[in-house]
Amino acid sequence: MCGIVGYIGNRDVVDVLLKGLTNLEYRGYDSSGIALNDEGNIKIFKALGKLGNLKGLLKEQEKNIIDPVAGIGHIRWATHGSPTEDNAHPHTCNCGKLVLVHNGIIENFKDLREELIKKGCIFKSQTDTETIAHLVAQEYDAVKDLKKAVTKAVKRLNGAYAICVMYKDEPDKIVVARKNAPLLIGIGQNEHFIASDIPAVIEYTSQVVYLDDMEVGVVKKDEFHVYDVEGNEVNKKIEKLPFEPVALSKRGYKHFMLKEIHEQPDVIRNVLNGKLYDIDEKIILNEVKIDKETLKNLQRIEIIACGTSLHAAMVGKYLIEDFCGIAVDVEASSEYIYRKTVTNEHTLVIGVSQSGETADTITAIKQAKKKGAHVLIITNRPDSAMAREADSLIPINAGIEVSVAATKSFTAQLMSFYMLAMFLAEIKGSVPKDILKELKHDIIQLPTLIDEILTHKEPIQRCARLFANTKDFIYIARGINLATAYEGALKLKEISYINATGYPAGELKHGPIAMLDESMPVLSILMEGKVYEKILSNSEEAKARNARLIALTSSQDKTLDDLFEVVLRIPKVNELLSPVLASVPLQLLAYYIAEFLGKDVDQPRNLAKSVTVE
């Protein structure tokens, strides 16, 4: 959830750190700070709130910064301790010679803290991170070597961490370590970069090394080395970054979210590229290692995800059960990991995550692997921790998504589930070829249909203005679009802070109908198909309670204009594919309502892009 950046080299260290932190702002944060090894002294600068406050502080302190040779920076999303300057990173030890930044959560920090206090350590913050700083400093006093001190310290840490450490008396290096939290080293000419995510370094280098769990790195200006916790050097593979710096540009859009909504037609094309060549050809998923025998032995499928990815998983369940007749369970990762599951070697476990670093989901898939399950990962980051755990992989190819609210990554996840469901159906022979052929034909048309929606946004903008001041919102749907209702409500909650809830339309009368009156908007997702008439009846029930009705529909039936206050029409589409189209107007509706209300669309309060703590 937090962001780390580090640099050692001949560039302006402060400038590199601030640019890196700026490119990590999308992750969500409440404070920021940097530490510099400057003329033989450790200098720390922290500020609450937006990164602009830190930049202002550094401008004021410019005369006190002489010629730093290395630096580390951090943006913090509070876990232990409220957002205060003392709790902001970087943290230091009592003598002030050692300084450290940290992502993750240390589960045994209280025990370590008590031990360190007895040894004379004085704590200034409420954080678990400060415990690591004191612990490394204690180890350094014994071994007088920063790498050895960090290695000894991390062996005592339980939980998740990515850390960068500098020491006053070893100005030529930054020492890094990780476990269950992402960290990479960017490689340059006589310079090296450190970051928790690609955007922080993409402007400077296209070559990186990813640290694996329980590895320690020593990063210098002209070289770097990586070791395991026993001190053995590890030969690391240098990898090329999959993204370009232009991905971080808004390209003329007011917000990243709006840009990313408009990128969805191309995102669908990217997902289909290499997988669907022709409607007469089979789906190709080169990194999915499931054959007919594996499929035959499957007793069940479990899909594990969080947030928006969980809603994509619900669509995936519908498709796989419909196409393949295999029982599919969908569960929030945070629930899966704390109960006894019936996962075994006859289970396919599908983990879904935009970042591939979602802590709950990582823990869940590791548990599943231990029980013998085949693990398939659907992620936007084939370089991520989850991807490295995978037996099979579907990269969603959405590109960097900067806005905290997921839009294009959700659509890419949906498309990946369509590809997977058809892939499994073709292996099993469970769907007639002519039906799959028709579905493939319709899938290829989806980018054009979304382009049509994006070209005619005015009705959605008018609807947003009309309902921007409401305090509550209900979304209803049935069948495959129930997940669309959940996702539409989540989007509105995330960026406008309006209390929005998705319900199965048939459940409205079993309780929620008590909330309906003339102040309550109800948005009905009315896609033509087998549940159309049922949802229409449920909408009538809401109308009878004076609710304000909005229809999102593929129907051209003009009588809807009499029942609904607002009718938002999308192109006619196969009901099975309707979630892909229906999600786009709901994303736009949430966006325009938040914009009219003056909310921080790309960085909504309290949220983080990549949730790397359980």
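Predicted model: local features only at pLDDT ≥ 70, side-chain atom pairs only at ≥ 80, totals over all residues.

Visitor: In what order do the strands of the open sheet of eight come, and is their pairing parallel or antiparallel?

Guide: Happy to. Residues are numbered from 1 along each chain as its sequence is written, and side-chain values use heavy atoms, with hydrogens and water left out.

The order in the open sheet of eight strands is S3-S2-S4-S1-S10-S9-S11-S15, and the pairing is antiparallel. Strands here are DSSP runs of E with at least two residues, helices are runs of H or I with at least four, and both are numbered from the N terminus. Two strands pair if DSSP finds at least two bridges between them. At the edges stand strand S3 (41–48) and strand S15 (239–240); each has a single partner strand, so one side of each is left without a neighbour in the sheet.

Now let's zoom in on S9 and S10. Strand S9 (residues 184–187) pairs with S10 in the antiparallel sense over four bridges, and Ile-185 stands opposite Ile-194 of S10. His-192 also belongs to S10, which spans residues 192–195. His-192 counts as buried, at 4% relative accessibility (buried means under 20% relative accessible area, exposed over 50%, and partly exposed in between, using a 1.4 Å probe and protein chains only).

The side chain of His-192 makes polar contacts, meaning pairs of N or O atoms within 3.5 Å; within protein, one atom must be able to donate a hydrogen and the other to accept it, and residues adjacent in sequence count only if both atoms are side-chain atoms. A polar atom of the His-192 side chain lies 2.8 Å from the backbone oxygen of Lys-220, and the side chain reaches the backbone oxygen of Lys-221 at 3.2 Å. If neighbours within four places in sequence are left aside, the residues in contact with His-192 (heavy atoms within 4.5 Å) include Gly-6, Tyr-7, Ile-8, Ile-185, Val-219 and Phe-224.

Helix H1 (residues 13–22) lies across strand S1 (3–8), strand S2 (31–38), S4 and S10, running at about 20 degrees to S4. Helix H2 (residues 51–60) lies across S2, S3 and S4, at about 135 degrees to S3. For these angles, axes are lines fitted to C-alpha atoms, for helices over the stretch in contact, and values run from 0 to 180 degrees between N-to-C directions.

A cis peptide bond joins His-89 and Pro-90, with omega about 5 degrees.

Further along, Lys-144 sits in the loop between helix H4 (129–143) and helix H5 (146–154). Although Lys-144 is not a glycine, its phi is positive, near 55 degrees, and the residue is exposed, with a relative accessible area of 55%.

Arg-156 and Glu-115 form one at 2.8 Å, N to O. This pair links distant parts of the chain, 41 residues apart: Arg-156 lies in the loop between H5 and strand S7 (161–167), and Glu-115 in helix H3 (residues 109–118). Arg-156 is partly exposed at 33% relative accessibility, and Glu-115 is partly exposed at 24%.

Another salt bridge joins Glu-321 and Lys-317 at 3.1 Å, N to O. These two both lie in helix H9 (residues 307–324), four residues apart, about one turn of the helix. Elsewhere, salt bridges with shared partners join Asp-212, Glu-215, Lys-236, Glu-239 and Arg-388 into one network. The count of salt bridges by this rule comes to 40.

Terms used
Salt bridge = Lys/Arg side-chain N within 4 Å of Asp/Glu carboxyl O.
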